[in-house]
Amino acid sequence: MKLTITIPIPPRLLQPNRMQGKHWAPIGRAKKKARAEAHLAAAAAMREAGIVVKPKWQPVRVQAAFTLRTSQRRDDDSLLGWLKASFDGIVDSGLTGDDSEYLHDDPTVTIGTPELVVITVQEPPTPKGGDA
């Protein structure tokens with residue numbers, strides 16, 4: 001099963017290259033906001049899909065598709081690092097287990113508005129009888 005979670009772009013302060021030398025308080029507030037937004041979005045997506053029990057899928061395949069206003073070049077590691085607090089929010093929702101078990105596909109970037117991120121989470125395949 002695949003689940004699609006749409007979240008607003010996390011605060012730019014959470015981009016790994018922008019956090020250098022910043023005071024911890026605004027970064028902490030930004031992380032809390034991004035985590036809460038992702039938690040609520042994941043919970044809503046689970047409700048819409050009819051998932052009532054928190055499945056705690058693990059490991060999961062995760063794909064992040066960004067829609068951004070500018071075409072400036074971004075590297076995949078920075079894009080995924082920008083979503084760290086959001087991935088924590090998805091874990092908080094109970095959809096997945098520990099985010100260290102995420103298998104990340106390369107993020108994609110589309111130029112446009114509104115700025116947002118669509119995160120697709122795919123549950124692990126169930127083992128077939130006798131194969132483990």
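Arginine 61 stands opposite leucine 103 in strand 3. This pairing belongs to a predicted model, in which local features need pLDDT of at least 70, side-chain atom pairs count only at pLDDT 80 or more, and totals for chains, interfaces and linings use all residues. Residues are numbered from 1 along each chain as its sequence is written, and side-chain values use heavy atoms, with hydrogens and water left out.

**Strand 2 and its partners**

- Strands (E, at least two residues) and helices (H or I, at least four) are DSSP runs numbered from the N terminus, and two strands pair if DSSP finds at least two bridges between them.
- Strand 2 (residues 60-68) runs parallel to strand 3 (residues 102-104), and three bridges join them.
- Strand 4 (residues 108-111) also pairs with strand 2 in the parallel sense, over four bridges; here threonine 108 is the bridge partner of alanine 65.
- Strand 5 (residues 116-122) is antiparallel to strand 2 and is joined to it by seven bridges, with valine 121 opposite valine 62.
- In a regular strand, side chains alternate between the two faces of the sheet.

**Helix 3 and serine 86**

- Serine 86 lies in helix 3 (residues 84-93) and counts as buried because its relative accessibility is 1%.
- Leaving aside residues up to four places away in sequence, serine 86 touches Ile7, Pro10, Ala34 and Ala38.
- Just after helix 3, glycine 94 takes a positive phi of about 90°.

**The largest pocket**

- A pocket is an open set of points on a 1 Å grid over the protein atoms alone, where a 1.4 Å probe fits, with protein on both sides within 12 Å along at least five of seven lines; lining residues have an atom within 4 Å of a point.
- The largest pocket has a volume of about 160 Å³, a volume being the space filled by probe spheres set on the points.
- Its lining consists of Gln15, Pro16, Asn17, Arg18, Gln72, Arg73, Arg74, Asp75, Ser78, Leu79 and Trp82.
- Three of the lining residues are nonpolar, four polar and four charged.

How values were computed:
Nonpolar A, V, L, I, M, F, W, Y, C, P; charged D, E, K, R; others polar. Buried < 20%, exposed > 50% of the residue type's maximum accessible area, 1.4 Å probe, protein only. Contact = heavy atoms within 4.5 Å.
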